[in-house]
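Please keep the structure open while you read.

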Amino acid sequence: MVISQSIRTALIGAGPRGTSVLERLLANWSAGRPAGARLHIDVIDPFPAGPGHVWQPGQSRLYLMNTQSFYPTLVPEDTGLAAPVAGTTFDRWRTAQQRSPLPELTDDERAELAVLGSGDFPSRAIYGRYLRSTVEELLAALPDGVTIEMHQATATAVRRQPDGRFEVDLDAVETNDGGLDGGATLTVDSVVLALGHLPSRLSPEQRELQSAAGQFGLRYLPPAVPADIDWSVVPAQEPVLVRGMGLNFFDVMGQLTEGRGGKFVEAGDALEYLPSGQEPIIFAASRRGTPYRTKATLSGYYPASVTLRYFTGKALQRFAAAGIVPAFDHDLWPLLHRDALWAYYTTLVRSQPDAVQDHDAFLKELDEALHPHAHSTGRWEEDFNAVIGRHVHPGSRLDLRGLAAPLSGRSFASRAELDAAVVEYLDDDARRSALGEDDPVKMAIGALHHGRAVLKSVVADGGITDESWVAGLRGWFESLVEGLASGPPALRAEQLAALARAGIVSFVGPDPKFGVARGKRAFTAASPWVRGGAAEAHTLVEALAPANRVALNESPLLEQLLADGLVRPRTMMTVEGIPVQSSGLDVRPHPYRPVAANGEVTDRMYVLGLQLSATQWGTAIAAEAAQQAGPVYPSGQRTLRDADEIARAILGLAPHASSAPAV
């Protein structure tokens with residue numbers, strides 16, 4: 001039953017997370033049909049509701065999603081939750097637009113949708129159009145008793161009132177006649193913080209580089225959402241240093257090449273790049289010296305030929321049954337590591353039989369060596385290595401951690417030698433991606449991809465020790481698995497190799513050091529493993545997202561909440577007993593409510609999304625649609641169940657049974 005006959009709530013942030021709460025409020029209100037009650041929802045965001053900041057439909061179509069069309073959804077498909085009043089998955093929306101396009105779709109949107117398949121990677125712009133369309137459908141299907149007010153403004157403060165309600169201050173906004181509205185103060189019963197990506201303070205090194213840019217007339221582009229950057233300020237035919245070779249790097253690469261009129265064309269078995277003459281010369285740098293590995297070509301999100309044998313729900317439940325809070329390195333990684341090894345070597349036997357002697361005996365011995373029975377942590381690896389040594393050709397053995405650092409242990413006499421090595425890596429990676437289920441390396445990565453989905457549920461809400469969260473999960477594994485399993489489509493590796501062959505892109509090398517040559521008035525970047533001098537440029541681009549750390553944010557609202565003590569960052573203890581401030585807010589589940597500076601829970605204030613990064617792992621990825629090939633793990637729709645819990649708490653309803661976390 002609804003607690004009050006009149007409820008008013010504020011959703012601060014109207015990107016996908018805030019919109020999910022909006023959708024869940026309407027669904028649960030409609031299902032409850034409270035007679036005579038009223039619900040008013042204030043939706044607050046300086047950007048249009050649905051796309052929010054990141055997914056604006058007007059951005060360049062060269063910016064691609066990192067998941068295929070079949071994957072994302074804004075609307076839950078969990079039958080245990082209240083049925084949506086409107087909306088569907090992205091893939092169903094895509095097919096509906098192909099049959100009968102919305103009249104308001106632009107020509108560019110119609111053209112993309114006409115050829116976009118279920119297994120293709122959509123542009124962020126078209127996904128933003130889906131998000132906006134879903135909001136429009138929700139607004140057109142409001143249940144009785146519900147009113148919604150859209151505030152295209154920034155919330156600058158939230159203050160708790162003596163009666164338990166909140167006052168929400170909005171900044172001044174531009175009116176339709178070009179004037180300024182002096183802002184407003186809303187009084188609401190509850191507040192949802194779905195803040196998404198926030199601007200962040202630069203690191204000391206970044207501030208030094210920015211200062212040097214001002215002093216010497218250089219161009220420094222700090223971490224930012226790529227669509228926010230004016231790429232025209234990067235001069236043509238001049239060197240530009242680009243730091244970071246993760247997903248944002250490919251956005252930079254696209255804007256400075258195809259975005260300037262260049263074209264990729266088929267040239268036999270490889271791509272060739274035809275420059276427009278407007279490109280800069282890109283010097284790409286990252287700690288590994290290479291970009292993320294690209295995704296394998298699969299029929300679903302996970303490889304169908306890989307099934308977890310060791311890192312399973314049944315195995316993980318034993319820790320809880322024994323009253324153990326597992327540690328990542330000691331308890332969880334050894335199980336997932338086994339799965340990656342099994343996936344690699346069973347695929348090797350199937351796809352490259354000549355690499356293995358005596359297949360039947362090998363698989364039997366491998367199964368015995370990997371089985372987590374009486375072996376100690378060190379002993380199983382010794383037994384495993386002995387089996388591999390007896391049966392597998394040396395050139396076909398897996399170095400799992402080495403996959404993420406393919407240049408490790410190598411030095412280069414010149415940048416040309418390095419460039420050739422990186423192109424060889426890119427060509428090999430694209431070839432492996434094309435093999436899909438038949439490539440052992442991609443299937444080992446596929447096991448990590450499966451395992452990551454399970455791990456998200458295991459580690460949430462204090463599921464592992466603080467020490468191993470800091471040192472293991474975030475300390476080394478996150479970087480490893482992102483570099484292997486979170487990469488772009490394989491086409492990006494082919495394009496980057498073509499750009500390197502065309503002389504548009506060159507590489508700096510591993511462990512680069514950035515600085516300023518004051519005499520030359522230029523930025524520099526050099527790798528200790530590459531001889532031949534530093535790369536120099538008058539422009540430096542940080543191909544990185546702003547740091548997702550609440551203590552470093554530059555959001556007026558979050559700074560006010562921290563200063564007033566309504567929220568606080570979560571502190572974790574290292575194995576040495578040293579307290580460290582984590583990236584996200586301290587919260588109490590369920591639903592997630594912030595912990596105040598005095599240790600008390602701030603009731604009727606809820607948190608969803610990136611600011612949960614100290615309690616949940618992998619908060620940025622979209623919710624996963626259920627109607628696709630392969631498994632759908634509980635973590636795939638976790639954000640939607642979290643949104644449902646928040647909505648039901650706002651409405652005074654008991655949580656759904658299906659909202660309980662599961663492995």
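Helices (H or I, at least four residues) and strands (E, at least two) are DSSP runs, numbered from the N terminus. This is a predicted model, in which local features need pLDDT of at least 70, side-chain atom pairs count only at pLDDT 80 or more, and totals for chains, interfaces and linings use all residues. Residues are numbered from 1 along each chain as its sequence is written, and side-chain values use heavy atoms, with hydrogens and water left out.

**A residue in a loop**

Let's start with Thr89, which sits in the loop between β3 (72-73) and α2 (90-99). Is Thr89 buried or exposed? Its relative accessibility is 5%, so Thr89 counts as buried (buried means under 20% relative accessible area, exposed over 50%, partly exposed in between, with a 1.4 Å probe and protein chains only). Leaving aside residues up to four places away in sequence, Thr89 touches Pro72, Thr73, Glu77, Tyr130 and Ala625, where contact means heavy atoms within 4.5 Å. Phe70 is 19 residues from Thr89 in sequence, and their C-alpha atoms are 8.3 Å apart.

**A parallel sheet and its helices**

Next comes an open sheet of 5 strands with parallel pairing, in the order β11-β20-β12-β15-β16; two strands pair if DSSP finds at least two bridges between them. At its edges are β11 (219-221) and β16 (505-507), each pairing on one side only. From one strand to the next, the twist averages 20 degrees. Axes here are lines fitted to C-alpha atoms, for helices over the stretch in contact, and angles run from 0 to 180 degrees between N-to-C directions.

β11 is joined to β20 (residues 539-542) by 3 bridges, and Tyr220 stands opposite Leu540 in β20. Helix α5 (residues 204-216) lies across β11, β12 (239-243) and β20. Helix α6 (residues 247-256) also packs on the sheet, touching β12, β15 (281-285) and β20.

| Helix | Strand | Angle |
|---|---|---|
| α5 | β11 | about 145 degrees |
| α6 | β12 | about 160 degrees |
| α5 | β17 | about 25 degrees |

**Antiparallel strands**

A 3-stranded open sheet runs in the order β17-β18-β19, with antiparallel pairing. Both β17 (513-517) and β19 (535-537) are edge strands with a single partner, so one side of each is left without a neighbour in the sheet. Neighbouring strands are turned by 25 degrees against each other on average, direction ignored. β17 pairs with β18 (residues 522-526) over 5 bridges, and Gly515 stands opposite Thr524 in β18. Helix α5 turns up again here, lying across β17 and β18.

Elsewhere, strand β6 (residues 166-170) has 4 of its 5 residues buried, so it is largely enclosed by the rest of the structure. β6 is joined by 5 antiparallel bridges to β5 (residues 155-160), with Ala155 partnering Leu170. The hairpin of β5 and β6 has 5 residues between the strands, and Gly164 there takes a positive phi near 95 degrees. β6 is also joined by 5 antiparallel bridges to β9 (residues 184-188), and Glu167 stands opposite Thr187 in β9.
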